[in-house]
Protein chains: 4
Amino acid sequence: MAFSDAIIAIVITLLVLDLRPPDTEPGELLSGLLDEWPTYLAYAASYLYLAVIWMNHKSAFNRIREMDVGLQWANLAILATLALIPWPTAVIAETARTGNLEDEKVAVALYALIGALLCLSWLFFFAYLARHPDLTKEEVDDSFFQHERPRALIGVILYLAAGAAGVLIHPLVASAVFLLLPVFYAFTSHGHDSVTQLLHGGKRSGT
Amino acid sequence: MAFSDAIIAIVITLLVLDLRPPDTEPGELLSGLLDEWPTYLAYAASYLYLAVIWMNHKSAFNRIREMDVGLQWANLAILATLALIPWPTAVIAETARTGNLEDEKVAVALYALIGALLCLSWLFFFAYLARHPDLTKEEVDDSFFQHERPRALIGVILYLAAGAAGVLIHPLVASAVFLLLPVFYAFTSHGHDSVTQLLHGGKRSGT
Amino acid sequence: MAFSDAIIAIVITLLVLDLRPPDTEPGELLSGLLDEWPTYLAYAASYLYLAVIWMNHKSAFNRIREMDVGLQWANLAILATLALIPWPTAVIAETARTGNLEDEKVAVALYALIGALLCLSWLFFFAYLARHPDLTKEEVDDSFFQHERPRALIGVILYLAAGAAGVLIHPLVASAVFLLLPVFYAFTSHGHDSVTQLLHGGKRSGT
Amino acid sequence: MAFSDAIIAIVITLLVLDLRPPDTEPGELLSGLLDEWPTYLAYAASYLYLAVIWMNHKSAFNRIREMDVGLQWANLAILATLALIPWPTAVIAETARTGNLEDEKVAVALYALIGALLCLSWLFFFAYLARHPDLTKEEVDDSFFQHERPRALIGVILYLAAGAAGVLIHPLVASAVFLLLPVFYAFTSHGHDSVTQLLHGGKRSGT
């Protein structure tokens with residue numbers, strides 16, 4: 001968990017590097033700061049998304065007894081795609097600032113693509129665990145990770161659909177889905193029971 | 001603790017990224033370095049503030065036995081706002097360099113706002129623990145986190161008051177409060193007894 | 001492991017810092033993003049390489065019982081050279097963008113040099129462990145790290161040969177070797193059995 | 001240790017951020033890379049210095065049984081000054097590139113100042129432990145940290161003397177001392193026996 005935790009912690013703080021003193025004329029700092037609102041919204045949305053991913057990641061690993069090479073690669077695929085999130089986030093914030101509609105469509109399509117890839121790597125991760133019940137802890141029901149797969153599949157489909165709607169209808173439709181999907185994953189997370197189970201039954205915390 | 005520790009460690013070192021070789025003509029490095037004094041002061045103040053936050057965070061977590069989803073979100077709110085600190089720090093340093101009074105007022109107001117939000121997230125965190133005594137260790141008095149709430153509330157009020165004074169009177173008034181508040185939190189921290197208790201009673205250190 | 005893990009995690013996420021919103025005219029974001037393809041390929045290749053290094057590092061440390069000063073310096077040499085990888089990666093991506101053949105030859109030579117230095121530090125690390133069997137765990141065969149030395153030596157030779165071929169024949173020949181070598185190290189890694197052994201026999205996980 | 005380890009790991013990798021593709025005309029990459037040699041030397045020297053600090057830090061903490069607030073602040077002072085090292089390193093590399101003698105004198109004076117401050121915080125740290133033998137492990141001789149104080153005091157004096165010699169005689173004199181001092185600390189480090197002692201006697205590793 002230390003390695004995964006460190007990567008998520010670094011990515012979540014890299015988001016802040018985009019918050020810089022605006023390059024304004026003397027006396028115009030206030031309007032300069034207010035003009036940066038897309039960056040603030042993008043920071044908030046991506047922080048929320050990464051926080052939800054961290055909780056889901058922790059919840060999954062609390063149920064894993066042992067890792068083999070396949071599971072390590074599935075985990076590295078998740079980490080590789082989540083580490084990309086600050087990039088489309090910055091691209092969306094940049095296009096919201098310049099306000100060109102064509103560019104905004106490209107930006108939401110890019111975000112949708114990365115979001116779908118991230119859900120796809122989760123799908124692979126859950127499917128791998130569903131096929132290898134020997135890797136999970138004894139007290140975890142063998143069907144647990146089978147039931148996690150649809151959550152990841154829904155994400156792949158909704159991110160791709162949001163990207164298509166953003167290009168064909170309006171980028172704001174895509175942005176709304178991007179903000180709502182982390183909320184959906186937050187509410188369907190198993191963070192609570194896993195933590196309880198962990199602290200009562202095991203000794204690795206990773207809080 | 002590993003995840004929180006990593007985020008605080010990253011934020012505290014991100015502060016240093018603002019310390020760069022100044023962009024001066026040959027032979028003028030010394031004056032270029034001396035002109036950067038607001039950045040040095042801002043680095044020192046924010047490092048001190050984040051160090052105090054880390055000690056308080058450690059002190060609180062030494063008393064927590066178990067986390068539920070609500071507490072995890074409260075902790076993520078603290079981490080999200082403390083990760084913002086390098087941003088208003090850089091804005092204050094930038095305006096101190098250009099010396100425009102209007103901009104300096106905006107900068108201290110921004111710092112006050114982030115400071116108040118950070119204390120607000122601590123208030124929510126302490127209030128949550130006060131309402132859920134089952135999450136704290138047995139040896140921790142049930143009223144402990146109730147008594148922590150006023151410390152956070154004082155911070156919310158003082159940061160907002162400092163911001164108002166900075167805008168209405170002079171930015172230096174706000175800056176003085178920003179420097180004094182971490183000192184106040186340092187002296188009212190429970191870092192010592194919790195660490196002693198931890199090393200004698202438990203095995204997780206996180207030093 | 002915490003220190004090494006943190007360094008590898010930081011280096012792997014630093015790669016993403018090169019992914020920025022492209023500096024394009026309004027309406028030209030799509031072509032700007034597509035023009036950045038060498039950066040994407042470089043990100044993918046270096047991420048893969050660092051992931052493989054991490055698995056090999058973990059696999060080696062699972063077999064180490066105790067570190068002395070010599071082994072610590074050998075480990076610090078590995079960390080110093082792997083931390084350099086984002087640099088030649090960025091140089092190759094930059095030259096692929098400008099498309100100057102002379103520059104591309106210099107860039108692949110630089111990557112080959114860093115790659116060879118990294119394998120050389122692994123060679124020193126394995127040779128040190130082969131000469132000090134008292135530092136490995138009892139259940140590890142004394143000849144284990146002797147058999148790891150050729151893997152590192154092959155890397156030194158192949159990176160140098162790839163660099164020479166890149167300069168004398170064509171940079172693409174070198175790039176192909178750079179992409180294939182991590183795959184070779186991935187397939188010859190002992191990640192699997194070490195992890196199994198670790199979780200059954202020891203208590204330090206570092207997952 | 002997790003927090004200190006993370007900060008040292010981040011600082012050591014931040015050094016690499018100064019290694020960028022040089023901004024050269026097409027076909028001039030090789031000479032551009034070769035012109036950056038002061039940066040490479042500065043990277044090597046600062047990496048070596050931080051590696052030595054990490055080993056000394058680990059060696060000291062292996063002997064500490066318990067931390068109180070005073071010791072935590074002494075540790076935070078060490079971390080604050082070591083986090084500054086990439087800054088004077090970059091300033092020296094920058095002046096070596098432009099080649100102005102006055103600027104080079106300022107740069108070595110700055111490095112000497114930070115180096116002296118770092119040794120001063122170690123001196124405070126060792127003196128605190130010498131006065132509080134109850135904080136060290138039972139098997140550690142009470143005079144151990146008293147004997148560490150002169151090592152730190154020598155550093156304060158030599159860094160200040162090197163800075164003075166760099167300004168009064170020539171910056172190269174100072175640079176030579178900056179390169180030799182980490183070597184001195186590497187050879188007088190107690191890294192080896194402490195690690196042996198740790199792995200045989202305790203369970204916290206921090207490798």
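View 1. Chain B and chain C do not touch, contact here meaning heavy atoms within 4.5 Å. The nearest C-alpha atoms of chain B and chain C sit 9 Å apart. Chain A and chain D also do not touch, and again their nearest C-alpha atoms are 9 Å apart. Bear in mind that this is a predicted model: local features need pLDDT of at least 70, side-chain atom pairs count only at pLDDT 80 or more, and totals for chains, interfaces and linings use all residues. Residues are numbered from 1 along each chain as its sequence is written, chains are lettered from A and ligands numbered from 1 in the order in which they are written, and side-chain values use heavy atoms, with hydrogens and water left out.

View 2. The copies use different surfaces, though, as 5% of the contact residues of chain A recur in chain B.

**View 3. Chain C meets chain D.** The contact draws 35 residues from chain C and 37 residues from chain D. Between them the two chains bury about 3100 Å², 75% of it on carbon and sulfur atoms; buried area is the accessible area (1.4 Å probe) that two parts lose on being put together, summed over both. C:F3, C:W73 and C:W87 supply 22% of what chain C buries against chain D, more than any other three residues.

View 4. Helix 1 (2-14), helix 4 (69-82), helix 5 (86-98) and helix 6 (101-131) of chain C are the elements that give two or more residues to the side touching chain D. Helices are DSSP runs (H or I, at least four residues), numbered from the N terminus. Helix 1 of chain C gives the most, with eight residues. By class, this side has 24 nonpolar, four polar and seven charged residues; Ala, Val, Leu, Ile, Met, Phe, Trp, Tyr, Cys and Pro count as nonpolar, Asp, Glu, Lys and Arg as charged, and the others, Gly among them, as polar.

**View 5. A:N75 is tucked into chain A.** A:N75 lies in helix 4 (residues 69-82) of chain A. With a relative accessible area of 3%, A:N75 is buried (buried means under 20%, exposed over 50%, partly exposed in between; 1.4 Å probe, protein chains only). Leaving aside its neighbours within four places in sequence, A:N75 is in contact with A:S4, A:H57, A:F61, A:M67 and A:F125.

**View 6. Salt bridges in helix 7.** Over all chains, the count comes to eight salt bridges. In chain A, the side chains of A:E148 and A:R151 pair up at 3.1 Å, N to O. Both residues lie in helix 7 (residues 144-168) of chain A, three residues apart, about one turn of the helix, and both A:E148 and A:R151 are buried. In chain C, C:E148 bridges to C:R151, with the closest N and O atoms 3.0 Å apart. C:E148 and C:R151 are both buried as well.

Technical notes. A salt bridge is a side-chain nitrogen of Lys or Arg within 4 Å of a carboxyl oxygen of Asp or Glu.
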